[in-house]
Amino acid sequence: APGAPGGISHRKKKKKMMRTRVVAQALLLAGAVPMLRAFKAAPAAGRLARVAALAPRHQPVRMMAEGSAPPTPPQISVFEAQKFMEGGADGPAEVVYLDVRTESEFKAIRVPGSVLEVAFEMSPMGMQPVPDFLEKVMKAYPDTDAVKFVVGCKVGGRSNAVATALMANGYDASNITGGIIEWDAQGLPTESG
């Protein structure tokens, strides 16, 4: 039945909630608090339109057109990520494994050659986005065509939000499903310290 738990409407509602959460995380990562407030305050049907109207004042965030879904980053396995890192990307782009975990997580275990840029920090309210995260990445890699990001975290949640924000700003970004936990479980090379 459509209204029953596990029914079609329940799945659609859950999917819509997840899409809303990804957009909200991407906005927070971009430091776009006024846009996030507008997104949350707007009626569901007009949210993206209202937020898009604010975007020119809060660059560098590029918003989606009204009615469009947030960009969905490709989900790649740890083996695909390793292959990208070893063989490079198609064309002249540099491949960067962007680790978005905390500094202590990064020191405990990481992929050799990965670049740390903390996207979320622990606070009394739980994990919170680092306000200038996206600005730091865009400053370090200003040419969106010269880099392909392979984004990883512990299991893939934070990195998915980051990959979405990077794609919304014109970068080529993929999310590593399973994160460093899967990377280590598959016996791929790691380092610490």
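Guide: Let's begin with R158, which is buried at a relative accessible area of 15%. Buried means under 20% relative accessible area, exposed means over 50%, and partly exposed lies in between (1.4 Å probe, protein chains only). This is a predicted model, in which local features need pLDDT of at least 70, side-chain atom pairs count only at pLDDT 80 or more, and totals for chains, interfaces and linings use all residues. Residues are numbered from 1 along each chain as its sequence is written, and side-chain values use heavy atoms, with hydrogens and water left out.

What does R158 pair with? Its partner is E105, in a salt bridge whose closest N and O atoms are 3.0 Å apart. The two residues belong to distant parts of the chain, 53 residues apart: E105 is in helix α5 (residues 103-108) and R158 in helix α7 (residues 157-168). Here a salt bridge is a side-chain nitrogen of Lys or Arg within 4 Å of a carboxyl oxygen of Asp or Glu. Helices (H or I, at least four residues) and strands (E, at least two) are DSSP runs, numbered from the N terminus. E105 counts as buried too, because its relative accessibility is 18%.

This bridge is one of seven in the structure. Another joins E191 to R110, with the closest N and O atoms 3.2 Å apart. That pair also links distant parts of the chain, since E191 is in the segment after α8 and R110 in the loop between α5 and β3 (115-116), 81 residues apart. R110 counts as buried at 12% relative accessibility, whereas E191 counts as partly exposed at 34%. R110 also lies over the face of F106, at 4.9 Å from the ring centre. A charge sits over a ring if NZ of Lys or CZ of Arg is within 6 Å of the ring centre and within 35 degrees of the ring normal. K148 is placed in this way over F84, at 4.6 Å from the ring centre.

E117 is in the loop between β3 and β4 (120-123) and K136 in helix α6 (residues 133-140), 19 residues apart. Through shared partners, salt bridges join E117, D132 and K136 into one network.

Now look around α6 itself. Its buried residues are F133, L134, V137 and M138. They sit on the same side of α6, because they cover an arc of only 125° around the axis; the arc is that of the directions from the helix axis to the C-beta atoms. The face turned away from this buried side carries the exposed residues E135, K139 and A140.

V78 and A81 lead us on to helix α4 (residues 78-87), where V78, A81 and Q82 are buried. An arc of only 100° around the axis puts these three on the same side of α4. The cover over them includes β1 (75-76), β6 (147-152), β7 (172-176) and α8 (179-185). On the face turned away from the buried side are the exposed residues K83 and G87.

Finally, back to F149. The structure holds three aromatic pairs. Y141 and F149 have ring centres 5.2 Å apart and planes at 90°, so the pair is edge-to-face. Rings of Phe, Tyr and Trp (its six-membered ring) pair if their centres lie within 6.5 Å, with planes under 30 degrees apart counted as stacked, over 60 as edge-to-face and the rest as tilted.

Key:
Contact = heavy atoms within 4.5 Å.
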